[in-house]
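Please open the structure in the viewer and keep the selection panel at hand.

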Amino acid sequence: MIQAERLTKRYGPLLAVDALSFEVAPGEVLGFLGPNGAGKSTTMKMLTGFVAPTSGDAIVCGHRVSGDARAARDRLGYLPEGAPSYPEMTVRAFLAFIAAMRGLRGPARRTAVDRAVGQLDLGDVLAQTVDTLSKGYRRRVGLAQAILHDPPVLILDEPTDGLDPNQKHQVRRLIEGMAADKIIIISTHILEEVEAVCSRALIISSGRILADDTPQGLAARARRHNAVTLRPRAAGDAAQIAEAVDALPGVDSVERADDGTVTAFPADGAPIIGDVAALAGERGWPLVELHQESGRLDEVFREITGETVS
Ligand code: ADP
């Protein structure tokens, strides 16, 4: 279990993290989602003991980071922002060094390094020095050092930053594979990542939590959630279709686009697809499309933070 208790960080006049409190349980993959400068990295640095909070505290698996930092750190793996490492070391030497720092010796150390190398697919670059690696490989070396000692808690700052789509997929599968019995916190500004790997997301902006929900729960807050879109074969039918759909009891409002598409919004977020489809069948409307919208996270994110993300 991880507990953040009113974690606060000031940099001079700037309140970077403003009394954040939350708990994370094993099996959860928690996403810190927020615009640049929201306070995600600073929160992670405080959870891992790399930055001392101005006030508040964090508890990692029962150990207070303020009083028992060593015990807390032993239980977590951390991929810092930018994945810093030792540029002049080979990948093999770097991982062996980190494993030694984690107290692993002899065969246990070799097994740990081999396992992490296999999981991050680093076999081809073991003899290369870190400074000769591409950004994607450096990130994977950073991830490998974070999981070397198989910690119960993983804190990963933008784990897929700099990776190509295949590598992103691979890292997301890796996170999923480790999620069952660990606590994993990742920070990201990529919404599809939250949908792909997180069981829960905290939307953070200006150091405060603005939403704490499942990705599905967040999407359900979107105006388009459960809206129904119909596209008539002939755009000329749109006006008549819009009028009839608007008269359904569960429909709050209807919008028409230039291409003839009609979108009906539910009155209270409840599904209206059944009623709309029944009406379309009854009237025999020639349609080329009829579907229910699920609601999009980027819409909700924009509404909540007033900012756009990629
Ligand atoms: P995020 O990870 O969400 O992009 P950060 O936690 O890196 O946000 O930063 C939060 C705020 O704190 C930003 O305004 C940033 O400029 C500021 N900040 C971060 N680190 C420092 C520092 N060492 N000194 C001064 N300001 C900092």
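The expected span of a helix is 1.5 Å times one less than its number of residues. The model shown is predicted.

Select residues 106-120, helix α4. Its 15 residues should span 21 Å at 1.5 Å a residue, and the end C-alpha atoms, 22 Å apart, agree with that.

Within α4, colour the buried residues: Ala-112, Val-113, Ala-116, Val-117 and Leu-120. Because they cover an arc of only 130° around the axis, they lie on the same side of α4. An α-helix has 3.6 residues a turn, so residues three or four places apart point the same way.

What covers this buried side? Then turn to the face of α4 directed away from the buried side, where Pro-107, Arg-110, Thr-111, Asp-114 and Gly-118 are exposed. Asp-121 follows α4 and has a positive phi, near 55°.

Next, display the open sheet of 4 strands, ordered β12-β13-β11-β14 with antiparallel pairing. Its edge strands, each pairing on one side only, are β12 (251-256) and β14 (287-292). From one strand to the next, the twist averages 15°.

Zoom in on β11 (residues 228-232) and β13 (residues 262-266), antiparallel strands joined by 3 bridges. Here Val-228 stands opposite Ala-264 of β13.

Finally, show the helices that lie across these strands. Helix α9 (residues 238-246) lies across β11, β12, β13 and β14 and runs at about 170° to β12. Helix α10 (residues 273-283) lies across β11 and β14, at about 165° to β14.

How values were computed
Residues numbered from 1 in each chain as written. Predicted model: local features only at pLDDT ≥ 70, side-chain atom pairs only at ≥ 80, totals over all residues. Heavy atoms only, no water. Helix = DSSP H or I, 4+ residues; strand = E, 2+ residues; numbered from the N terminus. Buried < 20%, exposed > 50% of the residue type's maximum accessible area, 1.4 Å probe, protein only. Arc of directions from axis to C-beta. Pairing = 2+ DSSP bridges. Axes fitted to C-alpha atoms, helices over the stretch in contact; angles between N-to-C directions. Contact = heavy atoms within 4.5 Å.
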